[in-house]
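Good morning, and thank you for coming.

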Amino acid sequence: MESKIYENKNYITRPYKSFFKYKRFDVIKKYIKKDQTILDVGCSKGQLLYFLNKKIKHRFNYVGIDDCIKSIQIANNFFKENSINRYKFIKKDLLKYKSKNLFDLIIISGVLSYYNDYNGILRKFKNLLKKDGTILIFNKFHSGDDDLIIRLKKDKIFNYGMNIFSKKNFIKNLKNNFNKIEFQRFNIQLKRKINKFNTKSLKINKINYFYNDALKVLYEFYYVSLKK
Ligand SMILES: C[S@@+](CC[C@H](N)C(=O)[O-])C[C@H]1O[C@@H](n2cnc3c(N)ncnc32)[C@H](O)[C@@H]1O
């Protein structure tokens, strides 16, 4: 099986406001122009929409898809109560998602690591992009040659979403599909947490890496912008 959805309890239970500290949302904000149409792939309970509505003055249209029914229910209830408009949340496996409308910006944040092979996903969403549109990916990568396909067994349950791809492989594959590719290191400081499954910052020779006690692999975060 390629991907299995498990409920990300941390995302589901946290208040919307707590996501304001997410630096990736500040990056995304800069990409959104007036009246653009945005697709948020793996939108969870719509924390990005909450952030954008508070921070962006101009109008934009938003579609969020996620396969987790609980997240989509929370999103639909929350945004209805808060009377925020021009949005749509759809409960859908991203591999099965279809749309007649094309998008200016497609965001795939923290989602690719659920898959063993990202190429089909990138090709699929490239086809949903307007001519000058952008795909924006946030993901972790490591500097080795091979993709790491990781399934973490915790309390007898397999956790997905942990795969760490080789940056070199990723760039090589992107070149087959996209004309314009930009890789930016995404540097954040993560405080040391007790849970061995949490990502932590680790400084080596003045370079900031990320580390997870359970996986024992060093990785880096990047955001990648792609144009057709
Ligand atoms: C780590 S969370 C990231 C949430 C959000 N994009 C962000 O950056 O804060 C990953 C999300 O992807 C969703 N997801 C994983 N596989 C999916 C699939 N096949 N189809 C739709 N959503 C999926 C999960 O349910 C989860 O909400």
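First, a word on the source. This is a predicted model, in which local features need pLDDT of at least 70 and side-chain atom pairs count only at pLDDT 80 or more, while totals for chains, interfaces and linings use all residues. Residues are numbered from 1 along each chain as its sequence is written, and side-chain values use heavy atoms, with hydrogens and water left out.

Let us turn to the ligand. Which residues come nearest to the ligand? There are 18 residues around the ligand, and R24, G42, D66, S109 and Y115 come nearest. A residue is counted as near when one of its heavy atoms lies within 4 Å of the molecule or strand in question. By class, this shell comprises eight nonpolar, five polar and five charged residues. Here Ala, Val, Leu, Ile, Met, Phe, Trp, Tyr, Cys and Pro count as nonpolar, Asp, Glu, Lys and Arg as charged, and the others, Gly among them, as polar.

Next come the polar contacts. A polar contact is a pair of N or O atoms within 3.5 Å; within protein, one must be able to donate a hydrogen and the other to accept it, and residues adjacent in sequence count only if both atoms are side-chain atoms. A polar backbone atom of G42 lies 2.7 Å from a nitrogen atom of the ligand. For D93, an N or O atom in the side chain is 3.0 Å from a nitrogen atom of the ligand. An oxygen atom of the ligand, in turn, is 3.2 Å from a polar side-chain atom of Q47. On its own the ligand has 600 Å² of accessible area, and the protein covers 94% of that. Such areas come from the Shrake-Rupley method with a 1.4 Å probe; for residues, only the protein chains shown count as cover.

I move now to the core. In soluble globular proteins, nonpolar side chains tend to be buried together. A residue is called buried under 20% relative accessible area, exposed over 50%, and partly exposed in between, with a 1.4 Å probe and protein chains only. A nonpolar core is a set of buried Ala, Val, Leu, Ile, Met, Phe, Trp, Tyr and Cys residues joined through side-chain atoms within 4.5 Å. In this model the largest such core has 39 residues, and I28, I32, F60, F79 and F89 have the most contacts inside it. At least two residues of this core come from each of α2, α3 (47-55), α4 (69-81), β4 (103-109), β5 (129-142) and β12 (218-227). The most is given by α3, with five residues. These labels refer to DSSP runs numbered from the N terminus: helices are H or I with at least four residues, and strands are E with at least two.

In α2 (residues 23-31), the residues R24, F25, V27 and I28 are buried. They lie on the same side of α2 because they cover an arc of only 155 degrees around the axis. The arc is that of the directions from the helix axis to the C-beta atoms.

Where do the buried residues of α6 lie? Helix α6 (residues 167-175) has N169, F170, N173 and L174 buried. Its buried residues fall within an arc of 130 degrees when seen down the axis, so they line one face of the helix. On the face turned away from that buried side, α6 carries the exposed residues K168, K172 and K175.

Finally, some single residues. D35 is in the loop between α2 and β1 (37-41). Its phi is near 65 degrees, a positive value in a residue other than glycine, and D35 is partly exposed at 35% relative accessibility. K216, in the loop between β11 (207-212) and β12, also has a positive phi, near 55 degrees, and is a residue other than glycine. Is K216 buried or exposed? At 60% relative accessibility, K216 is exposed.

H142 belongs to strand β5 and is buried, at 9% relative accessibility. The side chain of H142 reaches the backbone nitrogen of G144 at 3.0 Å.

Thank you for your attention.
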